[in-house]
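Subject: Structure handover

Hello,

Please find the structure below.

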Amino acid sequence: MLALEALLAEAEGIVFDCDGTLLDNVELYRQAWVEGFASPGIDLDRHWHAQRSGLSENVLIDAFEREYGVTVDRQNVVRRMRQAYLEGLDQLRELTPVTAIVRRFYGSKPLAVASGGSRQIVLASLRRLGLHDLFDGVVTFDDVGVAKPRPELFLQAARCLALPAPRCLVFEDSPQGIEAGRRAGMTVVDVAHVLSVASDMDHG
């Protein structure tokens with residue numbers, strides 16, 4: 001934890017991924033994707049989704065079509081998935097060890113969200129939990145048009161904070177997000193470490 005404190009002190013700005021980092025919403029997304037894929041009559045496998053839960057919408061569908069040798073009406077699948085997600089917002093929870101960092105530095109360091117999710121879902125999720133107004137900028141896939149591990153989401157977030165990317169610290173949970181942050185020239189903290197330390201403290 002001392003190493004994390006040093007990184008937080010050194011950072012001029014902090015950028016957070018959303019899904020799986022600020023939000024405990026993996027199961028909500030899984031349920032929503034099951035509903036989305038049900039429209040063409042596909043029973044989405046839980047384990048298949050679990051291995052790809054951090055992917056942007058089109059990247060996930062690309063992977064599904066490629067691996068199963070099918071073509072789906074992606075506009076309809078995404079529409080139904082988003083509808084199911086938004087209808088389940090009451091299931092949404094914060095990952096409090098991470099959101100505690102947001103609240104701790106709100107007002108003292110510039111903060112941004114850089115998410116590969118859709119703007120519709122990201123904004124609805126953050127507003128539902130009262131997190132939206134804590135951030136100086138929210139960047140989503142819709143703003144840059146390319147998914148992680150490309151670095152554009154993080155580079156745009158740095159621009160929103162008016163900071164060079166290397167002066168920003170990133171919190172991420174997915175391999176592609178961690179790679180994207182590093183490719184942007186930022187220092188990256190794997191959220192798994194933060195959650196592990198918090199769990200150890202709870203049980204210590």
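Where is the place of Met 81? Met 81 sits in helix α5, which covers residues 74-87. Helices (H or I, at least four residues) and strands (E, at least two) are DSSP runs, numbered from the N terminus.

Before going further, note that this is a predicted model, in which local features need pLDDT of at least 70 and side-chain atom pairs count only at pLDDT 80 or more, while totals for chains, interfaces and linings use all residues. Residues are numbered from 1 along each chain as its sequence is written, and side-chain values use heavy atoms, with hydrogens and water left out.

Met 81

Is Met 81 buried or exposed? Met 81 counts as buried because its relative accessibility is 0%. Buried means under 20% relative accessible area, exposed over 50%, and partly exposed in between (1.4 Å probe, protein chains only). Setting aside residues up to four places away in sequence, Met 81 touches Tyr 29, Ala 32, Trp 33, Gly 36, Glu 57 and Ile 121. Contact here means heavy atoms within 4.5 Å. Val 34 is 47 residues from Met 81 along the chain, yet their C-alpha atoms are separated by 7.6 Å.

Helix α5 and its partners

Met 81 takes part in the contacts of α5 with α2, with α4 and with α7. For the angles below, axes are lines fitted to C-alpha atoms, for helices over the stretch in contact, and angles run from 0 to 180 degrees between N-to-C directions. Angles under 35 degrees count as roughly parallel, over 145 as roughly antiparallel, 65 to 115 as roughly perpendicular, and the rest as oblique.

Take α2 and α5: their axes come within 7 Å and cross at roughly 140°. That angle makes α2 oblique to α5. The crossing of α2 and α5 is right-handed. A crossing is right-handed if the near helix is turned clockwise from the far one by less than a right angle, and left-handed if anticlockwise. On the α2 side, the residues include Tyr 29, Ala 32 and Trp 33, and among those they meet in α5 are Val 77, Met 81 and Ala 84. By class, the contact of α2 with α5 has nine nonpolar, one polar and two charged residues. In this scheme Ala, Val, Leu, Ile, Met, Phe, Trp, Tyr, Cys and Pro are nonpolar, Asp, Glu, Lys and Arg are charged, and the others, Gly among them, are polar.

Helix α4 (residues 57-68) and α5 have axes that come within 11 Å and cross at roughly 125°. These two helices are therefore oblique to each other, and the crossing of α4 and α5 is right-handed. Glu 57, Asn 58, Ile 61, Asp 62 and Glu 65 in α4 meet Arg 74, Val 77, Val 78, Met 81 and Arg 82 in α5. The contact of α4 with α5 counts four nonpolar, one polar and five charged residues.

With α7, the axis of α5 packs at an angle of about 0°, and the axes are 11 Å apart. That makes α5 roughly parallel to α7. Met 81, Arg 82, Tyr 85 and Leu 86 in α5 meet Gln 120, Ile 121, Ala 124 and Ser 125 in α7. Five nonpolar, two polar and one charged residue make up the contact of α5 with α7.

Helix α7

Which residues are buried in α7 (residues 119-128)? They are Ile 121, Val 122, Leu 123, Ser 125 and Leu 126. The buried residues of α7 pack against β2 (23-24), α2 (26-38), α5, β4 (111-114) and β5 (137-139). After α7 comes Gly 130, whose phi is positive, near 70°.

Two loops

Ala 147 is in the loop between α8 (141-144) and α9 (152-160). Ala 147 counts as buried because its relative accessibility is 13%. Leaving aside neighbours within four places in sequence, Ala 147 is in contact with Ser 56, Val 59 and Phe 141. Pro 149 lies in the loop between α8 and α9 too, and a cis peptide bond joins Lys 148 to Pro 149, with omega about 20°.

Ala 162 is in the loop between α9 and β6 (168-172). Although Ala 162 is not a glycine, its phi is positive, about 60°. Ala 162 is exposed, with a relative accessible area of 65%.

Regards
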